[in-house]
Amino acid sequence: MAITTATKSRTKPKPKTTVNETFTYKIKDRKGTVSQGEKSGSSAAIVRAQLQKQGYIVQNVRKKPKPLFGSGKKKVTPSDIAVFSRQMATMMKAGVPLVQSFDIVAGGVDHNGLEELINKIRDDVASGTGFAPALRNHPRYFDDLFCNLVEAGEQSGALETMLDRIATYKEKTEALKSKIKKALTYPIAVVVVAVIVTAILLIKVVPQFAETFSSFGADLPAFTLFVLSLSELAQAYWLYALFGAVGLFFALKELKLRSSKFSYFIDRYMLKVPIVGDILYQSIMARFARTLSTTFAAGVPLIDALNSVAGAAGNRLYSDAILRVREEVSTGIQLNMSIRNQNMFPSLLIQMASIGEESGALDDMLDKAASYYEEEVDNKVDSLSSLLEPIIMSVLGVLVGGLMIAMYLPIFQIGQVM
């Protein structure tokens with residue numbers, strides 16, 4: 001049975017993604033009232049046909065010109081999509097029709113970019129397109145996992161239940177991402193501030209002392225000479241260093257996107273970083289359990305669910321491991337045994353999967369495992385913040401204090417001689 005399911009999932013054609021554009025239109029209704037508006041579509045002809053299907057007399061349809069200096073719209077973030085999912089789930093559970101739900105949600109958001117996105121989806125659905133295909137027209141905001149879950153809800157006739165599950169999933173995954181960002185942003189921000197403060201002292205403050213020292217006519221301490229040499233280097237090459245650091249950052253970012261080997265190396269190395277690596281590991285386990293629980297509970301076959309989980313892992317090392325699990329499961333091996341064979345997953349997760357498979361409540365047990373690992377991430381992030389505070393004060397104190405001591409050492413020596 002598993003082999004048959006795997007064969008079907010491999011031969012299932014992947015839906016084509018259509019890139020929509022915005023068109024402006026001028027129409028007349030049956031009462032002769034003329035109105036104008038905007039509508040998304042793959043071509044002007046399709047937009048015209050959709051408007052005519054709704055009973056309007058179309059006077060013109062034109063492609064909306066792009067603004068010269070940007071759109072002025074707020075960027076739609078994953079957190080905005082999570083809010084949209086929750087609001088749509090609430091509307092549908094209240095029995096509000098789908099198209100009317102879009103109108104209510106769009107009218108209640110204080111976000112012009114999100115409002116425009118919702119209106120585009122609403123227009124597609126109102127013209128006869130399914131909810132999932134309408135979402136697939138916007139792959140930048142709705143990934144395959146989101147669209148597949150909505151499609152499963154439409155096919156099963158339980159769209160409101162599925163939207164509720166999607167909303168919960170998005171809220172928990174975004175909360176987890178924010179915790180990881182908090183853990184990584186704090187030390188990075190401190191390092192950047194320390195570098196900026198040190199650079200300012202070396203470029204602006206130390207040269208003032210150097211002019212004073214030139215009139216001393218005595219040998220300077222070794223530490224002071226070392227700092228003065230650093231200051232001269234900083235004054236001569238600070239601009240090159242700045243552009244070099246920015247260029248290196250973007251080069252590494254682009255290389256990670258383009259090179260699978262480099263991406264694999266970075267993801268593997270990040271898991272070995274003290275403290276931070278453990279947080280990343282726990283977050284991967286939470287994401288694995290949460291995504292698999294949500295997709296399996298939605299009625300998605302396990303083989304297809306594992307495919308979605310691999311894409312949502314967030315780490316190349318574990319994405320490859322999950323794909324190997326998928327291959328083993330497709331041959332008839334139990335999920336918990338396949339996970340155990342990878343030697344990369346914790347025993348708790350393996351035991352929870354085993355109990356879930358034996359009891360027929362795999363989604364329930366995985367949901368409990370996800371909650372456990374999410375709580376672990378939260379605790380470790382709080383511990384990291386508490387640990388970093390004294391370390392940060394010590395590092396800044398050593399950098400700033402060391403520079404000041406180096407500058408005042410010659411003055412102390414002159415005072416002792418006198």
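**Close-up 1. R140 sits in a loop between two helices.** Helices here are DSSP runs of at least four residues, numbered from the N terminus. With that in hand, welcome to this predicted model. R140 is found in the loop that runs between α6 (131-136) and α7 (144-156). Is R140 buried or exposed? R140 is exposed, because its relative accessible area is 68% and exposed means over 50%.

**Close-up 2. Positive charges gather in a patch on the surface.** K75, R140, K181 and K253 come together as a surface patch of positive charge. One of these four, R140, belongs to the loop between α6 and α7.

Close-up 3. R86 counts as partly exposed, with 25% relative accessibility. D164 is partly exposed too, at a relative accessible area of 22%.

**Close-up 4. D164 also meets K93 in a salt bridge.** Keep your eye on D164 for a moment. Its side chain and that of K93 form a salt bridge, with 3.9 Å from N to O. Since D164 is in helix α8 and K93 in helix α3, the pair ties together parts that lie 71 residues apart in sequence. K93 is exposed, with a relative accessible area of 55%.

**Close-up 5. E116 and K120 pair up within helix α5.** Here a salt bridge joins the side chains of E116 and K120, at 3.3 Å from N to O. Which helix holds this pair? Both residues are in helix α5 (residues 112-126), and they are 4 residues apart, so about one helical turn separates them. E116 is buried, and K120 is buried as well.

**Close-up 6. Shared partners build a network.** Finally, let us return to the bridges of D164. Which residues are joined into one network? R86, K93, D164 and E171 are, through salt bridges that share partners.

Definitions and conventions. Residues are numbered from 1 along each chain as its sequence is written. This is a predicted model: local features need pLDDT of at least 70, side-chain atom pairs count only at pLDDT 80 or more; totals for chains, interfaces and linings use all residues. Side-chain values use heavy atoms; hydrogens and water are left out. Patches are made of residues with over 30% relative accessible area and no salt bridge: like charges are joined within 9 Å, nonpolar side chains (Val, Leu, Ile, Met, Phe, Trp, Tyr) within 5 Å. Accessible areas come from the Shrake-Rupley method with a 1.4 Å probe; for residues, only the protein chains shown count as cover. A salt bridge is a side-chain nitrogen of Lys or Arg within 4 Å of a carboxyl oxygen of Asp or Glu. Lys and Arg count as positive and Asp and Glu as negative; His and the chain ends are not counted. The place of a charge is taken as NZ of Lys, CZ of Arg, CG of Asp or CD of Glu. Buried means under 20% relative accessible area, exposed over 50%, partly exposed in between (1.4 Å probe, protein chains only).
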